[in-house]
Amino acid sequence: MTDLLQQLVNGLTLGSLYALIAVGYTVVYGIVQLINFAHGEVFMIGAFGALATWTVLFNGTTSLWVLPFMILGAVAASVTVAILMERFAYRPLRHAPRLAPLITAIGVSVFLQEAVRLFYPGAKSKLPFPQIEVVTGPAVHIGDITVQRAAVFTVVSLAVCGALLWYFVNRTKLGRGMRAVSQDPDTARLMGINVNRIIVIAFAIGAVLAAVAGVAQGLQNSNIDFRIGFLAGLKAFTAAVLGGIGNLLGAVVGGLVLGVVEALATQFIPGQFGGSSWKDIWAFGLLIIVLVFRPQGLLGAQVVDRA
Amino acid sequence: MPQRSVVAVGASLLVASLALAGCGTRDDSGSDSTGSGASQNKVAKIGVIAPLSGNLSALGKGIQHSVELAVKQANESGAIPGWTLEVAAVDDEGKPDVGKNGATQLAGDDDVVGVVGNLNSSVTQQTQPVFATAKITQISPANTGPTLTMGAEPTTAPKRQYPSFFRTCTTDLVQGKFAAKFLKDEGITNVATIHDKKTYGQGLVAAFTKNFEEMGGKIVAAETISADDDNFNAAITKVKPSNPEVVYFGGEYPQGGPLSQQMKAAGLNVPLMGGDGIFDPTFIELATKSSEGDLATSVGAPVDSSEAGKKFLADYEAAGFAEPSAAYGGYSYDAANAIINALKVSLKDASDAKSARDATITEVGKVSFPGVTGQVEFDEFGDTKVKVITGYKVQDGKWATVKTETVS
Amino acid sequence: MSTEPTPAGSELDFRQDVSRTDIDHPGPGFASHLARLAPSATPLFVVGSGLVVLSCFLSWSYDRSILGNVGIYGNPGSLQLIALVLGLFGILLALMRGPLRRFLPWVDRAAAARALGVGSLVFAVVIILAITLESSGLINVDPGGWLLLVASGLMALGGTVMQPTETEDPLRAHYGSTTEILVFVVLLAVGLAVVAYALDVKDGGSFVALLTGLAAVGAALGRGGFFQYLAVASARHRTVLTLGAVAVAFLFPFTQGGSDANMSIATQVLIFATTALGLNIVVGLAGLLDLGYIAFLGAGSYVGATMSYSAFATIDWKPPFLVVMVIGGMVSATLGLIIGSPTLRVSGDYLAIVTLAFGEIFRLAMNNLDGENGPDLTNGPNGVPAIPELEFGSFNFGDSHEVLGITLTRFANYYFLLLLFAAFVILIFIRLNNSRIGRGWVAIREDERAAEAMGVNVFGLKLFAFASGAFLAGLVGTIKAHHDVSVSPDQFVFLESAFLLAAIVLGGMGTVAGVFVGATILKLLPEKLRFLSDYRLLMFGALLVLMMRLRPEGIVPSRRRQLEFHADDEKLAEVVGEQHIEQEEARA
């Protein structure tokens with residue numbers, strides 16, 4: 001029982017991270033029907049942005065007050081990269097056949113990884129991530145279950161970001177614009193909505209959440225490297241599809257489900273096919289199964305919520 | 001009219017450039033590279049094939065520079081009269097296909113007589129046959145997989161795979177055995193193993209497990225992690241209830257460091273022990289303070305413990321290479337010197353480098369000299385005879401030597 | 001929040017976009033300056049070309065050890081030959097005004113001259129840079145080098161200010177069959193010579209300079225309309241061209257003089273290209289995006305490896321190689337069916353991701369199936385090394401053979417086998433493309449719903465594309481296993497799938513030649529540009545992005561595809577339509 005609860009905690013922590021990244025895929029897909037394959041790299045850039053901010057401005061400080069600055073640095077880096085990406089790589093291809101942006105995305109992804117590896121000092125190997133007081137440190141024990149402080153930070157981040165995003169999409173004018181574009185871009189344009197701007201905002205929103213995820217990842221694992229974006233991006237995309245791509249709540253649910261499945265698969269699948277070396281296979285296998293029986297994803301049916 | 005003016009401009013520019021090129025000093029070294037003293041010497045090349053770009057480049061560059069150092073010293077001391085040695089470095093990017101092309105390229109160069117490399121076993125598997133066909137000596141400074149020398153059944157029916165392949169580092173079998181004995185001597189009986197499901201990590205854990213169980217120890221849990229992962233909590237949670245006294249980790253420091261840190265953060269407060277893959281300062285950096293008390297084994301006596309080792313490190317420093325010698329510098333230096341020592345015999349009467357290839361393989365098999373990592377000598381499989389392993393422990397944020405022993 | 005959308009916003013953006021497309025036209029002031037030079041454009045260009053030719057007979061570099069010795073007077077060598085070609089081509093272009101005009105009325109002389117001039121200038125700059133960097137400093141550049149720079153500058157200037165003349169449409173040019181076939185033969189021979197020469201260039205600077213020179217010639221030919229003509233002409237003589245290309249490919253090992261260095265790259269290019277061709281059926285013809293295609297190659301490889309006589313092989317049944325090949329193909333195709341049948345019913349984007357996930361599953365599973373974390377099948381991370389050479393009868397692929405006094409090495413043996421196989425795959429590809437099935441694929445690719453409404457069996461055809469692509473990859477994989485000697489999971493990472501896709505995209509989707517061009521570029525350039533070592537992947541990423549922006553249809557596009565990317569090009573549409581009708585008539 002303890003094992004089950006502990007793995008649930010592990011899974012939810014991991015899942016929250018996936019969910020934060022998955023939102024980026026889903027928001028962009030909801031607006032322009034584009035799989036921004038390079039979104040995983042936006043997440044990676046966020047982590048490096050936070051590290052750079054800390055190294056340059058607060059090197060050696062581990063007090064809690066630097067955390068907001070690190071998050072800001074992460075967000076700044078991610079959003080800049082995401083907007084540049086949209087402007088120079090995707091926008092010119094908006095009416096091209098859909099293969100073109102996908103291949104561009106692969107190109108952007110490779111380019112960003114290599115750029116960080118080559119030009120960020122020391123990034124050729126793993127870099128230690130600063131351990132900030134309060135959000136890291138000795139774990140919290142609830143009964144027999146250990147909860148990492150960074151895990152709490154991740155889950156709380158997801159809750160806060162999710163709530164803010166919900167408010168933004170459903171209660172602001174811009175959010176209404178987004179929903180309008182997602183439902184019918186042409187009509188939205190006729191109604192006076194600046195579609196280009198909405199698209200940029202979609203990319204930026206995804207980037208903000210990915211940046212927060214980047215910081216969370218750094219705090220959780222105490223290190224980052226230039227390759228973290230690939231697998232995380234792939235998993236997050238899986239999560240987005242799992243939940244129903246284009247559906248915000250779906251991305252969150254999909255992320256959490258995926259994280260829990262991975263953790264439980266490690267623990268409870270017996271024999272040779274269990275353990276960590278098979279958990280990714282089960283996770284991707286789940287994706288295929290869901291697509292077969294419920295192609296629209298777990299929550300995919302709520303088209304109205306697609307922004 | 002315009003035509004003529006163009007010609008005029010062209011002509012005057014031509015004159016001006018002639019005049020410009022006329023004055024100033026010329027670079028003389030390039031124009032007669034085969035001039036004076038050097039021209040009497042014949043050229044033989046020692047190849048380096050290692051990841052010189054990509055995420056393993058730090059290790060690869062260390063290998064390259066160490067070989068360069070050995071070759072430079074050999075040339076300066078005139079180790080092989082009548083011959084000048086050169087280094088031909090080729091990048092394998094840590095990828096099998098690229099490595100194979102690089103090996104073919106080296107094999108096609110008639111001046112190449114010996115090669116130091118590769119770093120990754122999966123690459124070596126593809127370069128071995130290429131060098132074997134071309135009869136070029138290949139000495140790996142880093143491949144620890146037993147099958148590379150001893151074939152499919154290294155423990156039960158060892159059979160040499162390629163006569164041209166040697167290595168200066170020991171195999172997983174030796175290191176795993178030492179680690180098992182080390183823990184047993186400390187009175188530890190319950191150990192959990194975790195490996196990264198790569199050739200090196202899995203081989204190390206297999207060797208450890210076998211020896212540890214033979215000595216009466218108990219493997220209470222066996223888990224794997226993925227080298228692509230960063231979050232190992234699921235695996236840690238699975239290992240934790242078995243209450244191990246030590247976690248034996250097969251893998252490299254990029255995963256080992258974070259694993260140690262996450263293990264202790266999750267409340268599994270026991271030392272992590274690993275092989276030479278985690279014996280690196282970066283391990284401590286990545287594992288932060290929680291690495292205190294973690295253990296590692298590494299092949300040979302510590303490089304800086306012997307006179308030869310200290311001299312190597314000092315020379316390396318003095319040569320001013322851009323990258324540090326890294327984990328495999330000493331082995332690469334020894335590998336290069338093994339080839340050089342063999343060349344002393346094989347090149348003596350050779351008319352050209354290519355014809356000396358076959359003899360070099362035989363001679364490398366016979367070398368015996370004191371190297372940086374111990375006495376350099378190869379057994380009938382091409383493995384080093386040095387079976388000296390050192391155990392290290394993290395103390396005050398540094399690797400400290402615990403003991404050095406010869407594994408029988 | 002001041003975020004209300006401005007109604008004029010989108011319109012404004014639109015206007016900006018329009019002005020940006022005009023960016024490469026110089027401003028009015030500058031243009032009028034240049035316009036004054038227009039009458040002297042041709043003389044400028046001729047003089048420039050002549051001086052470039054002259055410079056080839058002068059020394060470029062004081063340092064003779066670099067760039068294959070360009071420091072001799074009166075005897076052009078190595079890269080100077082390229083400059084010679086550039087100069088002579090320039091003079092030829094200049095003559096286009098007079099007598100040659102009658103034969104080649106479709107050559108856009110001004111555009112070609114401009115491309116050639118600018119290309120030559122870039123070539124000269126690369127030469128100067130290479131001399132500067134490889135030797136020590138600018139001082140090593142000899143007069144010939146400077147003359148080259150100045151002369152190519154003149155060419156660039158002359159070409160830029162040249163006034164366009166009326167030209168006929170190259171797409172309608174037509175010469176006698178004999179002439180056209182002769183042109184192809186010459187082109188192919190030149191191509192073989194150039195490839196053999198380029199492969200021999202070992203030093204990075206020379207190779208870049210060579211590429212720049214070739215690119216300059218290529219750009220001039222392209223701008224002049226030659227390739228457009230060539231495309232139409234090649235459609236007329238497809239068989240000749242194909243046979244010629246096969247002959248050239250067959251002759252290639254004989255140019256290597258027993259050296260393995262290039263043959264090893266060549267065999268890898270062939271493996272890569274043949275695999276990519278299989279993927280092209282899936283992506284280029286049927287329009288299904290497969291991001292995990294490397295897994296099918298891997299499945300074939302593993303079948304080949306585990307059924308070989310390697311001491312590490314896990315399957316004791318050792319059938320003859322041809323049987324193994326078929327089994328490899330079947331296993332791959334079965335995997336393709338398993339993955340394809342559920343996902344091909346859903347939209348294309350999902351397929352991309354499912355295949356990507358499948359690729360990862362395959363790699364991880366191969367890594368796990370070692371008896372410890374699964375059944376003992378693949379030896380896990382160690383893979384299956386020491387796979388013996390192929391042997392057909394008494395012919396062992398590992399041995400060298402003497403043919404006509406030229407040594408053909410192990411790699412040459414595999415090269416011929418792979419060539420044979422590639423021809424087989426090309427045949428399948430072309431037959432499929434021109435069949436009912438091929439037309440069905442096109443219909444699906446362009447509009448799935450319309451195709452379905454027209455009675456095309458959408459699901460069946462998609463599944464067939466997917467499975468046949470997988471089958472071909474499986475076949476290649478079995479050969480690859482023996483060629484590579486060892487098979488391990490890290491050969492089948494996602495990046496390899498991306499490379500395969502990139503080969504198709506770079507070369508041109510849906511064409512055979514394109515795939516081979518793309519595969520050659522992607523496998524050869526990294527080998528030749530080793531001096532860039534660390535920056536290669538970065539450039540690969542940038543290249544993909546730029547390619548998608550500037551020429552999304554690839555280097556050798558299929559006309560139909562080109563139309564998809566340039567929907568507003570009416571001329572092109574018309575020609576494609578005509579060609580289609582011609583082909584139909586020819587068939588009938």
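**View 1. β13(B) and β14(B) make an antiparallel pair with 8 bridges.** Two strands count as paired if DSSP finds at least two bridges between them. Look for Val394(B), which sits across from Trp399(B) in β14(B). The hairpin has 2 residues between its strands, and Asp396(B) there takes a positive phi near 50°.

A quick word on what you're looking at: this is a predicted model, where local features need pLDDT of at least 70 and side-chain atom pairs count only at pLDDT 80 or more, while totals for chains, interfaces and linings use all residues. Residues are numbered from 1 along each chain as its sequence is written, chains are lettered from A and ligands numbered from 1 in the order in which they are written, and side-chain values use heavy atoms, leaving out hydrogens and water.

**View 2. β13(B) also pairs with β10(B).** Here β10 (residues 295–299) and β13 (residues 388–395) of chain B run antiparallel, joined by 5 bridges. Thr297(B) faces Gly391(B) in β13(B).

**View 3. β6(B) and β7(B) run parallel.** You'll find 6 bridges between β6 (residues 190–195) and β7 (residues 218–224) of chain B. To get from β6(B) to β7(B), the chain passes through helix α9 (residues 199–214) of chain B, in a right-handed β-α-β crossover. Right-handed means that, with the strands pointing away from the viewer, the path from the first strand over the helix to the second runs clockwise.

**View 4. Chain B meets chain A.** Contact (heavy atoms within 4.5 Å) involves 27 residues of chain B and 30 residues of chain A. Together the two chains bury about 2,500 Å², with 46% of it on carbon and sulfur atoms; buried area is the accessible area (1.4 Å probe) that two parts lose on being put together, summed over both. There are 2 salt bridges between chain B and chain A, each a side-chain nitrogen of Lys or Arg within 4 Å of a carboxyl oxygen of Asp or Glu. One of them links Lys126(A) to Asp230(B), with the closest N and O atoms 3.0 Å apart. The elements of chain B that each give at least two residues to this side are β7, α10 (233–239), α11 (253–265) and α12 (281–287). Of these, α11(B) gives the largest share, 6 residues.

**View 5. Chain C meets chain A.** This contact takes in 53 residues of chain C and 54 residues of chain A. About 4,700 Å² is buried between chain C and chain A, and carbon and sulfur atoms give 74% of that. Asp349(C), Tyr350(C) and Leu538(C) supply 13% of the area that chain C buries against chain A, more than any other three residues. How many salt bridges cross between chain C and chain A? The rule finds 0. Several elements of chain C give two or more residues to this side, including α1 (9–21), α13 (321–343) and α14 (348–368). The largest share, 11 residues, comes from α14(C).

Conventions
Helices (H or I, at least four residues) and strands (E, at least two) are DSSP runs, numbered from the N terminus.
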